[in-house]
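Subject: Structure handover

Hello,

Here is the structure I promised to pass on. Please open it first, then read the notes below.

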Amino acid sequence: MSKTVLLTGGAGFIGSALVRYLINQTDTVVINVDKLTYAGSLHSLGGADASQRHHFYQYDIIDTEAMQALVDKHQPDYIMHLAAESHVDRSIDGPGEFIQTNIVGTYNLLQVALGYYQSLEGAKKDAFKFHHISTDEVYGSLGETGLFTETTRYKPNSPYSASKASSDHLVRAWNKTYKLPVVVSNCSNNYGPFQFPEKLVPLIIQKAVAGEPLPIYGKGDNIRDWLFVDDHVKALWTIATQGENGEVYNVGGHNEKTNIEVVTIMCAILDDITPRAGGKKYAEQIVYVADRPGHDRRYAIDASKIERELGWTPQETFETGIRKTVEWYLGNVEWVATVSGGYSGDRLGSK
Ligand SMILES: NC(=O)c1ccc[n+]([C@@H]2O[C@H](COP(=O)([O-])OP(=O)(O)OC[C@H]3O[C@@H](n4cnc5c(N)ncnc54)[C@H](O)[C@@H]3O)[C@@H](O)[C@H]2O)c1
C-alpha cells in the first residue's frame, strides 16, 4: 500500500528534489508544507505539484494548530522535516529567524508528531517515523585530517549550525524521553538544480555568465564535501523507510574540494559550454574577498554507516554532477529570474 509522507520545506532546494523524486519514482502521497520564504518556490517542483498525490499547504511550522490539523487529516506514515532557514551568511546578519524556525519550529513539530504518534495503533504506529534532516556543520570544523562520524562531538560555530545542532538535540530528547520514533541524518554540502542563487554553486554560475567578479572567501582553501542533491534525496528516502529508530546517519559524497577548486572546475565547464568572447577564460573573473566570520576550515563525512547498514552509495561523482548542474542553470535562466525576487547577488553576512 502506498505511504503518506508529510514533508516540511518541500518548496526549497532539497525538499523540492525529494518531492520530485517521491512523485516521479514512487507511489507515495506527499503532503508538502512550506511557508514559501524567499528560499521556497512552487516553481521548483518541476510540475510534480500537478500530481493528484501532491497536496500543498502554505503553512509556517510554528503554527501548532495548522500542523495538528494536517496530521489529523492526512495521517502520515512518516514526517520528513526539512524546513529551515539554511544560509550561513544570512544567519550572521539575522539569527532570529534561525532560532524561530530551526529550533522553535522543530520543537513545535516534535510536539505535534508526538501527540499524533500516541494516537496511532497497531502496524501504523509501529512503522511511524519522524525523520529530522540536518547538516554536518553541527560538528564544527576539521583539521587537515579526519572525518565526521555519527559520534563526533557537536561544536557548531555559526548561528545556523548552532540552531541545527539545537534541533538535533531536541529530536534526540523526544526519542529518549517520550519514545517518539526518530531518525536523524547529517549531510554535507549539496549542489544541483533548483538551488536558490545565493549559495556558492548557483551564485558563481550567475555571476560568471553576467561577466561579474566571482567572489571567493579568504584564500578559497576552505574544504567542503560535495553531494549531488538527487543522491541526497535517495539517501533520505532510504533512511526514512529503512533507518533504525533512534539512529543517526551521516550522508556524504566522498568529494572533498576546496572552494577555489569548485569554482575553477565550474569555470572550465563554462569555458567548454559557453565560451567567453575573445578567448578569455571565466577563471579570470575570480576575485578574493574578506573571509566569512567564523568560517569553518574543513568538513568531510564518513558515510560508511549508511553504506554498510542501509546499502546507500552516491551515484554521481563531483565531475558528472557539477556538469549537469551547470548545464541545468544555463538552460533555466527563467527559473533563476523568477525565484531571485529581491536578491541581487550582493554579499551577505560579512559583518
Ligand atoms: N543545502 C545543503 O547543502 C544542506 C546540507 C545538509 C543539510 N541541509 C538541511 O536540509 C534542509 C533543507 O535545506 P535546503 O538547502 O533545501 O534549504 P532551502 O533554504 O533551500 O529550503 C528551505 C525551505 O524551508 C521553507 N521554510 C523556511 N522556514 C519555514 C517555516 N517556518 N515553516 C515552513 N517552511 C519553512 C522555505 O520556504 C524553503 O522552501 C535544511 O534543514 C538544511 O538544514 C541542507
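How many nonpolar, polar and charged residues does the shell around the ligand have? By class, 13 are nonpolar, 13 are polar and five are charged. Please keep in mind that this is a predicted model.

The ligand site. There are 31 residues around the ligand, and G9, G12, F13, G40 and A84 come nearest.

The chain as a whole. The protein chain has twelve helices and 13 strands. Its C-alpha trace spans about 70 × 45 × 40 Å along the principal axes. Buried residues make up 47% of the 351. Now take the contacts with a separation of 6 or more: 81% of them join residues 24 or more positions apart.

Seven strands form an open sheet with parallel pairing. The order is β3-β2-β1-β4-β5-β6-β11. At the edges are β3 (54–57) and β11 (248–251), and each of these pairs on one side only. From one strand to the next, the twist averages 20 degrees.

Strand β2 (residues 29–33) pairs with β3 in the parallel sense, over four bridges. V30 stands opposite H54 in β3. Helix α2 (residues 64–74) lies across β1 (4–8), β2 and β3. This helix runs at about 165 degrees to β1.

Then move along the sheet. Helix α6 (residues 159–178) lies across β5 and β6 (182–187). Its angle to β5 is about 155 degrees.

One more pair of strands deserves a look. Strand β8 (residues 214–217) and strand β13 (residues 286–289) run parallel, joined by four bridges. I216 has Y288 as its bridge partner in β13.

Are the two faces of β8 covered or open? Both are covered. L214 and I216 are buried on one side, and P215 and Y217 are buried on the other. In a regular strand, side chains alternate between the two faces of the sheet.

Best wishes

How values were computed. Residues are numbered from 1 along each chain as its sequence is written. This is a predicted model: local features need pLDDT of at least 70, side-chain atom pairs count only at pLDDT 80 or more; totals for chains, interfaces and linings use all residues. A residue is near a molecule or strand if its C-beta atom, placed from the backbone, lies within 6 Å of it. Ala, Val, Leu, Ile, Met, Phe, Trp, Tyr, Cys and Pro count as nonpolar, Asp, Glu, Lys and Arg as charged, and the others, Gly among them, as polar. Two strands pair if DSSP finds at least two bridges between them. Axes are lines fitted to C-alpha atoms, for helices over the stretch in contact, and angles run from 0 to 180 degrees between N-to-C directions. Two residues are in contact if their C-beta atoms, placed from the backbone, lie within 7 Å. A residue is buried if 20 or more other C-beta atoms lie within 10 Å of its own, exposed if 12 or fewer, and partly exposed in between; C-beta atoms are placed from the backbone.
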